[in-house]
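Subject: the structure for you to look through

Hi,

Here is the structure I promised to pass on. Have a look at it first, and then read my notes below.

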Amino acid sequence: MEQIAIHVDNVVQEFTLRRTHTLKDMLVWFLTGRRGEMVDRFQALKGVSFDVEKGESIALLGFNGSGKSTMLKLISGVMKQTSGFVGYRGRVAGLIEVGAGFHPDLTGRENVYLNGAILGMTKEEIDAAYDDIVEFSEIEKFIDTEVKFYSSGMFLRLAFSVCVHTNPDIFLVDEILAVGDEPFQKKCIAKIKELQDEGKTLVIVSHDLELVQELCNRGIVLEQGEITMDGSVEECVAYMRR
């Protein structure tokens with residue numbers, strides 16, 4: 001177990017979907033005592049289990065609605081599973097949504113400190129990494145501008161830079177690199193490879209199968225909330241292309 005970075009055991013994630021009904025429908029349900037039927041329950045994940053070893057790079061693959069992004073959110077702690085267990089060892093940092101964790105009324109500089117603190121860094125650690133964060137992001141001119149004026153690409157640059165400079169043990173990426181321009185994408189990929197060389201663990205969600213094969217050595221395919229394949233990234237990509 002010492003070599004396990006992420007442990008996922010029999011995880012179920014259920015969402016409540018509220019349906020829209022006419023006034024007549026609601027009146028009938030109220031009078032007949034069937035109000036409970038006005039909500040639907042949807043299982044995004046259905047008893048998912050897998051382990052990720054330290055230093056492993058895996059891709060969560062699947063079509064839209066398969067549950068892969070939900071799984072990533074559970075690993076990151078953004079969301080709590082309905083049942084089952086999700087555990088990890090070390091510091092986790094991730095790019096789950098563009099601008100997540102950023103306060104729109106704060107400047108880029110202030111958000112560096114806010115996000116660093118959210119990701120577990122001390123003020124001293126952020127102070128030490130600050131210049132490198134700003135330099136990597138390439139948005140020095142706008143660092144004292146409120147981030148509500150940032151484009152999605154600028155959000156990505158700053159968010160990615162903060163995340164990789166927290167020295168994470170586990171790095172999570174959800175389709176986020178598609179937002180940036182090509183030169184910065186290449187820079188991000190190079191940084192991810194650098195983290196891999198340092199023995200960090202990577203979990204990525206992406207529809208870009210070429211990128212997945214470049215970065216990962218293992219794939220997990222999810223379909224309708226269940227694992228249908230867990231193997232080499234080449235096997236899983238071939239499965240997705242079938």
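This is a predicted model: local features need pLDDT of at least 70, side-chain atom pairs count only at pLDDT 80 or more; totals for chains, interfaces and linings use all residues.

Residues are numbered from 1 along each chain as its sequence is written, and side-chain values use heavy atoms, with hydrogens and water left out.

Of the 242 residues in the chain, 46% are buried (buried means under 20% relative accessible area, exposed over 50%, and partly exposed in between, with a 1.4 Å probe and protein chains only). You can count eight helices and nine strands; these are DSSP runs numbered from the N terminus, with helices being H or I of at least four residues and strands E of at least two. Take the contacts between residues at least 6 apart in sequence: 70% of them join residues at least 24 apart (contact means heavy atoms within 4.5 Å).

Now the sheet. Six strands make an open sheet with mixed pairing, in the order S5-S6-S7-S3-S8-S9 (two strands pair if DSSP finds at least two bridges between them). At its edges are strand S5 (92-95) and strand S9 (226-232), each pairing on one side only. On average, neighbouring strands here are turned by 15° against each other, direction ignored; axes are lines fitted to C-alpha atoms, for helices over the stretch in contact, and angles run from 0 to 180 degrees between N-to-C directions. In case it's new to you, strands of a sheet pair through backbone hydrogen bonds, either parallel or antiparallel.

S6 (residues 170-174) runs parallel to S7 (residues 201-205), and five bridges join the two; Ile170 has Thr201 as its bridge partner in S7. S5 and S6 also run parallel, joined by four bridges, and Ala93 stands opposite Phe171 in S6. Why is S6 largely enclosed by the rest of the structure? Because five of its five residues are buried. Ile170, Leu172 and Asp174 point one way from S6, while Phe171 and Val173 point the other way.

Helix H6 (residues 182-197) lies across strand S3 (57-61), S6 and S7, at about 150° to S6. Helix H8 (residues 233-240) lies across S3, strand S8 (218-223) and S9, at about 135° to S9.

On to the rings. A pair of aromatic rings is described by the distance of the centres and the angle of the planes. How many aromatic pairs does the structure hold? Seven, where rings of Phe, Tyr and Trp (its six-membered ring) pair if their centres lie within 6.5 Å, and planes under 30 degrees apart count as stacked, over 60 as edge-to-face and the rest as tilted. One of them is the stacked pair of Tyr113 and Tyr130, 5.9 Å centre to centre with 25° between the planes. This pair links distant parts of the chain, with Tyr113 in helix H3 (residues 108-118) and Tyr130 in helix H4 (residues 123-137), 17 residues apart. Tyr113 is partly exposed at 26% relative accessible area, whereas Tyr130 is buried at 10%.

Phe136 and Phe160 are stacked too, because their ring centres are 5.9 Å apart and their planes at 20°. They also link distant parts of the chain: Phe136 is in helix H4 and Phe160 in helix H5 (residues 152-164), 24 residues apart. Both count as buried, Phe136 at 12% relative accessibility and Phe160 at 0%. Ring pairs join Phe136, Phe160, Phe171 and Phe184 into a cluster.

Lys187 lies over the face of Phe136, 4.5 Å from the ring centre (a charge sits over a ring if NZ of Lys or CZ of Arg is within 6 Å of the ring centre and within 35 degrees of the ring normal). Arg242 lies over the face of Tyr239, at 3.9 Å from the ring centre.

Finally, find Ser161 in helix H5. Is Ser161 buried or exposed? Buried, at 0% relative accessibility. Leaving aside neighbours within four places in sequence, Ser161 is in contact with Asp132, Ile133, Phe136, Ser137 and Leu156.

Cheers
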